[in-house]
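Student: I'm opening a new structure. Can you walk me through it?

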2 protein chains.
Amino acid sequence: MQLNRLVEFYKTMGDPTRVRIVSLLAKGPLHGQAIAGKLGLTAPTITHHLKKLREVHLVYERRDKNTIYLYLNSSLIKQQAEVLSQLLDKRGEELENMVEDSLERQKIIENFYTKDGKLKNIPSQRKKKLIVFEHMVQGLKKGKKYEEKEINEFIKQFHEDYATIRREFIINHYMYRENGIYELNPEEMWAKPE
Amino acid sequence: MQLNRLVEFYKTMGDPTRVRIVSLLAKGPLHGQAIAGKLGLTAPTITHHLKKLREVHLVYERRDKNTIYLYLNSSLIKQQAEVLSQLLDKRGEELENMVEDSLERQKIIENFYTKDGKLKNIPSQRKKKLIVFEHMVQGLKKGKKYEEKEINEFIKQFHEDYATIRREFIINHYMYRENGIYELNPEEMWAKPE
DNA sequence: GAATAAATTCGATATATTTCTAATTAGATA
DNA sequence: TATCTAATTAGAAATATATCGAATTTATTC
């Protein structure tokens with residue numbers, strides 16, 4: 001478990017509109033317009049909140065014709081409840097470690113990326129390398145299918161050696177390739193630093 | 001359980017600095033300066049965060065000479081974990097009710113207070129009355145001892161009939177009086193609407 | 001490929017939040 | 001009472017967030 005995940009989860013739940021959305025979805029899937037209607041808000045506002053809810057995996061979606069149905073990921077809530085309840089065991093050592101990990105991670109990212117987001121060089125140390133790639137891969141969209149050319153372009157934003165990095169994306173299971181089409185893997189499959 | 005409580009708890013935990021403070025306090029009590037030192041932040045910043053942590057009762061304090069030691073209220077964390085884990089039982093009915101309560105509450109407060117925060121009149125319905133008082137009492141400080149005159153002044157900001165309201169404060173256990181000195185009760189003691 | 005329906009992005013605005021420095025307050029003690 | 005220390009408040013700057021209307025994109029269907 002990473003600190004950021006924890007903090008982002010709480011930040012996401014720390015908004016009344018989003019809790020209302022969760023509350024609606026707890027009764028069953030709905031599409032954006034329906035949510036907007038029930039809450040008396042506009043579609044863009046709902047999109048904004050859904051984006052955050054998706055980012056922390058509190059909701060997922062399934063498309064049917066033109067309509068995207070949102071589903072609540074209730075198991076994540078249960079899981080977070082578990083994390084919270086165990087957070088302070090062993091006098092908060094767990095939490096302390098999470099904080100330290102997070103600071104280390106942040107430092108690595110600051111070291112290897114320039115202020116305008118370029119990758120200075122590819123770390124040789126596995127752990128650092130993975131952290132750096134994880135960071136880069138944030139910019140890709142889940143579920144979207146990419147042409148190889150698109151991936152190259154994407155990587156070139158960060159570093160000229162797109163071929164090496166593209167290969168690393170596959171090796172470390174950030175993405176998979178089929179018939180020359182690339183797609184992001186679910187995070188559970190990614191190689192983990194330590 | 002109130003929705004606001006829940007949302008405020010998450011909003012509070014949804015900040016890395018505050019999680020770091022919690023993490024420090026999990027290992028034992030500390031005073032403000034020590035926290036500031038360990039986190040590399042200034043005292044006012046710590047005050048700011050402690051204020052929020054106190055608001056949701058995540059920390060409490062004990063004074064020793066000039067130094068205020070902060071303690072983590074770990075049982076609140078356990079309790080919130082429990083709430084979270086049960087939130088979606090019965091298909092989210094619980095959550096739905098919390099949302100509805102909260103909206104009702106909000107409406108009552110909007111109805112009985114003017115935009116600049118004056119109380120239009122004292123509701124006769126018990127439930128509404130208590131909600132209105134709870135709202136007013138937010139402005140008082142926990143642990144602070146008030147002269148009767150101070151309480152009167154405080155209430156007069158909202159409504160001219162300070163005598164009635166002051167009496168209600170006592171009747172409904174928002175405050176207690178000893179030798180003409182008033183002090184806020186812990187929230188657990190307050191009369192509850194419904 | 002044109003038309004449709006839903007969702008998203010863009011840009012603007014209003015409000016909140018985090019953090020700081022400087023000034024002030026609160027409480028303890030000499 | 002004067003003085004010390006720790007904590008808080010006030011005020012400012014930088015950043016983030018929630019919300020909207022208008023414009024655009026996406027996927028479906030005819």
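Predicted model: local features only at pLDDT ≥ 70, side-chain atom pairs only at ≥ 80, totals over all residues.

Student: Okay. How many helices and strands does chain A have?

Tutor: Chain A has nine helices and six strands.

Student: And what does its C-alpha trace span?

Tutor: Along its principal axes, the C-alpha trace of chain A spans about 50 × 50 × 30 Å.

Student: What share of chain A is buried?

Tutor: Buried residues are 26% of the 194 residues in chain A. On contacts, take those in chain A between residues at least 6 apart in sequence. Of these, 47% join residues at least 24 apart.

Student: Now chain B. How does chain A lie on chain B?

Tutor: Turn chain A by 180°, with a shift of 0.0 Å along the axis, and it can be laid on chain B with an RMSD of 0.1 Å. That is how a two-fold axis relates copies.

Student: How many residues does each chain bring to the contact?

Tutor: Chain A brings 28 residues and chain B brings 28 residues. On the chain A side, the elements giving two or more residues are α1 (3-13), α2 (16-25), α5 (74-86) and α6 (89-112).

Student: Which of them gives the largest share?

Tutor: That is α5(A), with seven residues. By type, the side of chain A that touches chain B has 15 nonpolar, six polar and seven charged residues.

Student: Through what surface do the copies meet?

Tutor: They meet through the same surface, because 100% of the interface residues of chain A are also interface residues in chain B.

Student: Last one. Where is B:Glu160?

Tutor: B:Glu160 is in the loop between α8 (148-156) and α9 (162-171) of chain B.

Student: Buried or exposed?

Tutor: B:Glu160 counts as exposed, because it has 11 C-beta neighbours inside 10 Å. The cut-off for exposed is 12 or fewer.

Student: How far is B:Glu160 from B:Lys118?

Tutor: Their C-alpha atoms are separated by 9.7 Å, and the two residues are 42 residues apart along the chain.

Key: Residues numbered from 1 in each chain as written. Chains lettered and ligands numbered in written order. Helix = DSSP H or I, 4+ residues; strand = E, 2+ residues; numbered from the N terminus. Buried ≥ 20, exposed ≤ 12 C-beta atoms within 10 Å, placed from the backbone. Contact = placed C-beta atoms within 7 Å. Least-squares fit on C-alpha atoms with pLDDT ≥ 70 in both. Nonpolar A, V, L, I, M, F, W, Y, C, P; charged D, E, K, R; others polar.
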